[in-house]
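The sequence and coordinates come first.

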Amino acid sequence: MSLIGAQSYAKLLENGVQAIEEVNRLRSSGYTKDNIYVISHDQDRENRIVDAANINEVGLGEEGLFGAIANLFRSRGDALRFKITALGFSSAEATFYEKELDSGKVLVIAKKNPQ
């Protein structure tokens, strides 16, 4: 599932190499590093992809102070669903994407700049 034309774009990929290729494609289509995020169930894997692709992590700016603090106490799955909804997706979409992340996939999200 990928959404185009919505507030945010998302694409599930099989591995980090494909995720980096998708990030490069998004950059060439006009997105900046500040608007592209990678999410993985494995935090170390996510950090490696973020570093290799030179993009943003979902953080305080997207989650808000209370969301970021709450994520420290949530399970990884709950924290991922919160991050996905913080990037503009519904809870049903976040649940779908988080289940896919459970199976080892990587999620690339690009947020549109507010007009």
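Leu-80 is a residue of helix 5, which runs over residues 76-86. The model is a predicted one. Leu-80 has a relative accessible area of 0% and is therefore buried. Setting aside neighbours within four places in sequence, Leu-80 is in contact with Ile-39, Ser-40, His-41, Glu-46, Glu-98 and Leu-101. The C-alpha atom of Leu-80 is separated by 9.1 Å from that of Thr-95, a residue 15 places away along the chain.

## The chain as a whole

The protein chain holds 6 helices and 3 strands. In sequence order the pattern reads β-α-β-α-α-α-α-α-β. The chain has 115 residues, and 39% of them count as buried. Among contacts with a separation of 6 or more, 60% join residues 24 or more positions apart. The accessible surface of the chain is about 6100 Å², and carbon and sulfur atoms account for 52% of this area.

Helix 1 (16-28) has 13 residues, which at 1.5 Å a residue should span 18 Å; the end C-alpha atoms are 18 Å apart, so the two values agree. The buried residues of helix 1 are Gly-16, Ala-19, Glu-22, Val-23 and Leu-26. Around the axis they cover an arc of only 115 degrees, so they sit on the same side of helix 1. Val-17, Glu-21 and Ser-28 are exposed on the other side. An α-helix has 3.6 residues a turn, so residues three or four places apart point the same way.

The cover over the buried residues of helix 1 includes strand 1, strand 2, helix 2 and strand 3. At the start of this helix, a side-chain oxygen of Asn-15 comes to within 3.1 Å of the backbone nitrogen of Val-17. After the helix comes Gly-30, with a positive phi near 115 degrees.

Helix 6 covers residues 91-102, 12 residues in total, and its first and last C-alpha atoms are 16 Å apart, close to the 16 Å expected at 1.5 Å a residue. Its buried residues are Ala-94, Tyr-97, Glu-98 and Leu-101. Viewed down the axis of helix 6, these residues fall within an arc of 100 degrees, so they line one face of the helix. Ala-92 and Lys-99 are exposed on the other side. Glu-98 and Leu-101 are also among the residues in contact with Leu-80. Just after helix 6, Gly-104 has a positive phi of about 100 degrees.

## Nonpolar cores

The largest nonpolar core has 14 residues, and those touching the most other members are Ala-19, Val-23, Leu-26, Ile-36, Val-38, Ile-55 and Val-108. At least two residues of this core come from each of strand 1 (8-13), helix 1, strand 2 (36-40), helix 2 and strand 3 (106-111). Apart from this core lies another, of 13 residues, including Ile-39, Ala-94, Leu-101 and Ile-109. In soluble globular proteins, nonpolar side chains tend to be buried together.

Ala-19, buried in helix 1, touches Leu-13, Ile-49, Val-106 and Val-108, not counting residues up to four places away in sequence.

## Loop residues

Asn-35 is in the loop between helix 1 and strand 2. Its relative accessible area is 12%, so Asn-35 is buried.

Asn-54 is in the loop between helix 2 (43-53) and helix 3 (60-63). With a relative accessible area of 44%, Asn-54 is partly exposed. Its phi is near 55 degrees, a positive value in a residue other than glycine. Most residues other than glycine have a negative phi.

Lys-105 is in the loop between helix 6 and strand 3.

Technical notes. Residues are numbered from 1 along each chain as its sequence is written. This is a predicted model: local features need pLDDT of at least 70, side-chain atom pairs count only at pLDDT 80 or more; totals for chains, interfaces and linings use all residues. Side-chain values use heavy atoms; hydrogens and water are left out. Helices (H or I, at least four residues) and strands (E, at least two) are DSSP runs, numbered from the N terminus. The expected span of a helix is 1.5 Å times one less than its number of residues. Buried means under 20% relative accessible area, exposed over 50%, partly exposed in between (1.4 Å probe, protein chains only). The arc is that of the directions from the helix axis to the C-beta atoms. A nonpolar core is a set of buried Ala, Val, Leu, Ile, Met, Phe, Trp, Tyr and Cys residues joined through side-chain atoms within 4.5 Å. Contact means heavy atoms within 4.5 Å. Accessible areas come from the Shrake-Rupley method with a 1.4 Å probe; for residues, only the protein chains shown count as cover. A polar contact is a pair of N or O atoms within 3.5 Å; within protein, one must be able to donate a hydrogen and the other to accept it, and residues adjacent in sequence count only if both atoms are side-chain atoms.
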